[in-house]
Amino acid sequence: MSVPKSHKISIQEHMAINVCPGPIRPIKQISDFFPRFHDFPAMVLPKRDPPIQSCDPLEPAEEQKDRDEEREVERERDKESDIEAEGDSYDSDDATYLGTLEFSLLFDQENNALNCSVHRAKGLKPMDSNGLADPYVKLHLLPGASKANKLRTKTLRNTLNPVWNETLTYYGITEADMAQKTLRLCVCDMDRLGRNEFIGETRVPLKKLTAGQTKNYNICLERQQLTKLTTNTERGMALYEEEAVACVDRGRVLVSLCYSVQRGALLVGIVRCAHLAAMDSNGYSDPFVKIVLRPDTGKKSKYKTSVKKKTLNPEFNEEFVYEIPHEELAKKTLEISVWDYDLGMSNDFIGGIQLGIDAKGERLRHWFECLKHKDKKVECWHTLTNDNPDVSD
């Protein structure tokens, strides 16, 4: 396009030349050709005669006005789309979708067990450089020591839509636990070279469950929640339930009692322990159980289970026999204590219980049921206490 030398073009006109075919026409705003930019202040052009309206019958003044209005509406629409795009691209934890988790819960009141079936997750947040993740699910019962009640699924590689279909079981769960505790389900990304990464979590108060009825969940994952418990004003530190150690609950033991008339003996079964207190620096214990029938002190009155390494939820399934007439059981006391095995050092006491006529509550009821119903195995969970029965190693 050539411009006569006799006609000088100002810099404002040069920056606003309409390059469409036809005569050179200045435009008022550069944003007409750059709709994604915000409006700039109108350029101040040299004062000139008003433009002559086109008399072309194909382009009357009314059509020109309509076209200008359509262009203005389109420009406003572009501005709104730009604002929405800005909001979508804003990278923050509040605006990030973490995915959903499908699972079901069942409280088996008869066996004091809480079953959590982890089914699948969908649309998890990518955590690795390949745009995928290596997800697994870990469970905690809150409040409580994390390692004592932690369960986890297997890890699935390179997927954002994992399917586990695993059932994880908490043993020794009482009605009191169901009324007070909350189950935390946390989805994490396994990292072989570094620390595992948090993806999202959800929490379910167990009081919402009905015994014997399976409840299904399909919940959107949320960011990690740290619930403040207490504040230490002397040190100026806040304690959180994620880091708190359960000092009250030292664990539980599942005991079975049965008096066999045919054998003339008391059969004591140590089935399992759950949620034991950690005694070693690695956050676990090496537990075993001692049994003593008092007031006897001979070797025949003492038994020990095997040692289970590095666990807070050991399963023993061991049975011990005390040959004793039934009528003498009313005078006896059965002491059960749980210990942490330490090689070359004295073993650490974790907790213990006593069953007998001097016991109270559930322990007395368990002992009475054994005496009353011969040849019937009676199982019961008992909470360990800090009272050391002073059993010699």
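Is Tyr 217 buried or exposed? In this predicted model, Tyr 217 is buried, with a relative accessible area of 13%. The cut-off for burial is under 20%.

The aromatic pairs were examined next. The count comes to 4. In one of them, the ring centres of Phe 103 and Tyr 217 lie 4.9 Å apart and the planes meet at 10°, so the pair is stacked. This pair links distant parts of the chain.

Trp 339 and Phe 349 form an edge-to-face pair, because their planes stand at 70° with the centres 5.3 Å apart. Trp 339 lies in strand S16 and Phe 349 in strand S17, 10 residues apart. Lys 290 lies over the face of Trp 339, at 4.2 Å from the ring centre. Elsewhere, ring pairs join Tyr 303, Phe 320 and Tyr 322 into a cluster. A charge also sits over the ring of Tyr 171: the charged end of Arg 272 is 3.7 Å from the ring centre.

The strands were then considered. Four strands form an open sheet in the order S15-S12-S11-S18, with antiparallel pairing. Strand S15 (315-323) and strand S18 (378-383) are the edges, each pairing on one side only. From one strand to the next, the twist averages 20°. Strand S11 (residues 252-260) pairs with strand S12 (residues 265-274) over 9 bridges. Val 253 has Cys 273 of S12 as its bridge partner. Helix H4 (residues 361-372) lies across S11, S12 and S18. Its direction is about 160° to that of S18.

The largest nonpolar core holds 31 residues. Leu 266, Ile 270 and Leu 334 touch the most other members. Elements giving two or more residues to this core include S11, S12, S15 and H4. Strand S13 (287-294), strand S16 (333-340) and strand S17 (348-356) do likewise. Beyond its neighbours within four places in sequence, Leu 334 is in contact with residues including Leu 257, Val 268, Ile 291, Tyr 322, Ile 353 and Trp 367. Another core, of 30 residues, lies apart from the largest one. Among its members are Leu 101, Leu 141, Trp 164 and Leu 183.

Methods
Residues numbered from 1 in each chain as written. Predicted model: local features only at pLDDT ≥ 70, side-chain atom pairs only at ≥ 80, totals over all residues. Heavy atoms only, no water. Pairing = 2+ DSSP bridges. Axes fitted to C-alpha atoms, helices over the stretch in contact; angles between N-to-C directions. Contact = heavy atoms within 4.5 Å. Core = buried A, V, L, I, M, F, W, Y, C linked by side-chain atoms within 4.5 Å. Buried < 20%, exposed > 50% of the residue type's maximum accessible area, 1.4 Å probe, protein only. Phe/Tyr/Trp six-rings, centres within 6.5 Å; stacked < 30°, edge-to-face > 60°. Lys NZ or Arg CZ within 6 Å of the ring centre and 35° of its normal.
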